[in-house]
Amino acid sequence: MRSLFILLVFSILSTQGFTSQPTTKEFLENINSSKFDSYLYGLEAGLDWANELTYREHKMEIFCKPNDLEVSASLLKDFIKKEIADNAAFYKKYENEQLIGLAFRNSYVSNFSCQQ
């Protein structure tokens, strides 16, 4: 589990094009632009990689995204907007924190639950 955390943090911090992560407030203020699209794709790639590694090492999946799903920045933004809206009090309280990675992960767990 520790390696999963390290991988997720590394994937968030190593996203191309940004020297720092956006705060929740900054992300939402720019959600209709393409400003953070490459950041989102970096999060998505890192989370997919972490999911694959967790499965290989522990036979456990974090989420069960369909293999044939084509993910667009627009879809990722919709997932994150829904996660933030569903937990508005939390994200409002911490709007000046860098929680988009958390929102992203939570949205994937909600949208691609492994429970049948």
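Burial is stated here by relative accessible area: buried means under 20%, exposed over 50%, and partly exposed in between, using a 1.4 Å probe and protein chains only. By that scale Phe 90, at a relative accessible area of 34%, is partly exposed.

Colleagues, a word on the basis of these values. The model is predicted, so local features need pLDDT of at least 70 and side-chain atom pairs count only at pLDDT 80 or more, while totals for chains, interfaces and linings use all residues. Residues are numbered from 1 along each chain as its sequence is written, and side-chain values use heavy atoms, with hydrogens and water left out.

I begin with the aromatic rings. A pair of aromatic rings is described by the distance of the centres and the angle of the planes. Rings of Phe, Tyr and Trp (its six-membered ring) pair if their centres lie within 6.5 Å; planes under 30 degrees apart count as stacked, over 60 as edge-to-face and the rest as tilted. The structure holds 8 aromatic pairs. In one of them, Phe 79 and Phe 112 have ring centres 5.6 Å apart and planes at 80°, so this pair is edge-to-face. Phe 79 belongs to helix H4 (residues 73-86) and Phe 112 to the segment after helix H6 (100-111), and the pair thus links distant parts of the chain, 33 residues apart. Helices here are DSSP runs (H or I, at least four residues), numbered from the N terminus. Phe 79 is buried at 14% relative accessible area, and Phe 112 is buried at 8%.

Phe 90 returns at this point: with Tyr 94 it forms a tilted pair, 5.0 Å centre to centre and 55° between the planes. Tyr 94 is partly exposed, at 31% relative accessibility.

Which residues do ring pairs link into a cluster? They are Phe 63, Phe 79, Phe 104, Tyr 108 and Phe 112.

A ring also meets a charge. The charged end of Lys 59 sits over the ring of Tyr 55, 5.6 Å from its centre; the rule asks for NZ of Lys or CZ of Arg within 6 Å of the ring centre and within 35 degrees of the ring normal.

I close with the disulfide, defined as a pair of cysteine sulfur atoms within 2.5 Å. The count comes to 1 disulfide: Cys 64 and Cys 114, with sulfur atoms 1.9 Å apart. The torsion about their S-S bond is about 105°, so the disulfide is right-handed. Cys 64 lies in the loop between helix H3 (37-58) and H4, and Cys 114 in the segment after H6, so the bond ties together parts 50 residues apart in sequence. Cys 64 is partly exposed at 26%, as is Cys 114 at 28%.

How values were computed:
Helix = DSSP H or I, 4+ residues; strand = E, 2+ residues; numbered from the N terminus.
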